[in-house]
Amino acid sequence: MKIDASKPLEYSTEENSNKIFGFWVFLGAEIALFATLFTVYFVMVDRFASGPSGPDLFEIGPVMIETLLLLTSSFTIGLAVHAMRHGYQKAMMVFFGLTLLMGLGFLGIEITEFVTYVHEGATLQTSGFLSSLFVLLGTHGAHVSFGFLWGAAILIQLKRQGINPATANKSFIFSLYWHFLDVVWIFIFSFVYLKGLM
């Protein structure tokens, strides 16, 4: 395996560069997925049937905490990549761990939110609005859940193997994924919650 020392460690081999390019292609497919879910939501947003609407359900407090957690976790994963590029394994692992903890906090609030909705009679079967809302939020939440498990596996590899071309590549690709989830959440926060409260 030929290592190019002039490039960042995550790009230092041809295989690593190809994996990063391939992941960008994957993110393109993910953009198409979420664009479809947003489109369905915008079509269904006023179809409440006999169920509650957005202003009846949404509470800005928990959503603001979710947003703060996810946006801060985007910052900490950036710090983890920065530490990785300087070879600071301990700092990288701390920032990586903080990112995952904030992701877990986000999931805890979202699950609580879903349970509250169901107790208030808002389910997938209640209306077109609610089914599209649950699918959009649930798909994003499932991605965060997968990201948490994936990140935890990378953290274990970092502990065992240290920073090397393979772990650097995996960590960088994970950071791209995590930033993508944060961007999707900004759209959810803006066009689902804030717009829905008006």
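Here are some questions and answers about this predicted model.

User: Hello! What should I know about the numbering and the model before we start?
Analyst: Residues are numbered from 1 along each chain as its sequence is written, and side-chain values use heavy atoms, with hydrogens and water left out. This is a predicted model, in which local features need pLDDT of at least 70, side-chain atom pairs count only at pLDDT 80 or more, and totals for chains, interfaces and linings use all residues.

User: Thanks! How many helices and strands does the chain have?
Analyst: Helices (H or I, at least four residues) and strands (E, at least two) are DSSP runs, numbered from the N terminus. Along the sequence the pattern reads α-α-α-α-α-α. The count is six helices and zero strands.

User: Are helix 1 and helix 5 roughly parallel or roughly antiparallel?
Analyst: Axes are lines fitted to C-alpha atoms, for helices over the stretch in contact, with angles from 0 to 180 degrees between N-to-C directions. The axes of helix 1 (residues 14-44) and helix 5 (residues 128-161) come within 7 Å and cross at roughly 155°. Angles under 35 degrees count as roughly parallel, over 145 as roughly antiparallel, 65 to 115 as roughly perpendicular and the rest as oblique. That is why helix 1 is, relative to helix 5, roughly antiparallel.

User: Nice. How many nonpolar residues are in that contact of helix 1 with helix 5?
Analyst: Contact means heavy atoms within 4.5 Å. Those taking part include F23, F34 and M44 of helix 1 and F129, H143 and W150 of helix 5. Ala, Val, Leu, Ile, Met, Phe, Trp, Tyr, Cys and Pro count as nonpolar, Asp, Glu, Lys and Arg as charged, and the others, Gly among them, as polar. Besides five polar residues and one charged residue, the nonpolar ones number 13.

User: How far apart are the axes of helix 4 and helix 6?
Analyst: Two packed helices are described by the angle between their axes and the distance between the axes. Helix 4 and helix 6 (residues 165-196) pack at about 35°, and their axes are apart by 13 Å.

User: Which backbone oxygen does the side chain of T126 reach?
Analyst: T126 sits in the loop between helix 4 (89-119) and helix 5. A polar atom of the T126 side chain also lies 2.9 Å from the backbone nitrogen of T123. At 3.2 Å, the backbone oxygen reached belongs to G121.

User: Last one: how far apart are the end C-alpha atoms of residues 129-156?
Analyst: UniProt, in an unreviewed entry, lists this span among its "transmembrane region" features. Here the span is 100% helix and 0% strand, and the distance between its end C-alpha atoms is 41 Å.

Note on methods: UniProt positions renumbered as here; feature names shortened; annotations may be inferred. Polar contact = N/O pair within 3.5 Å; in protein donor to acceptor, adjacent residues only side chain to side chain.
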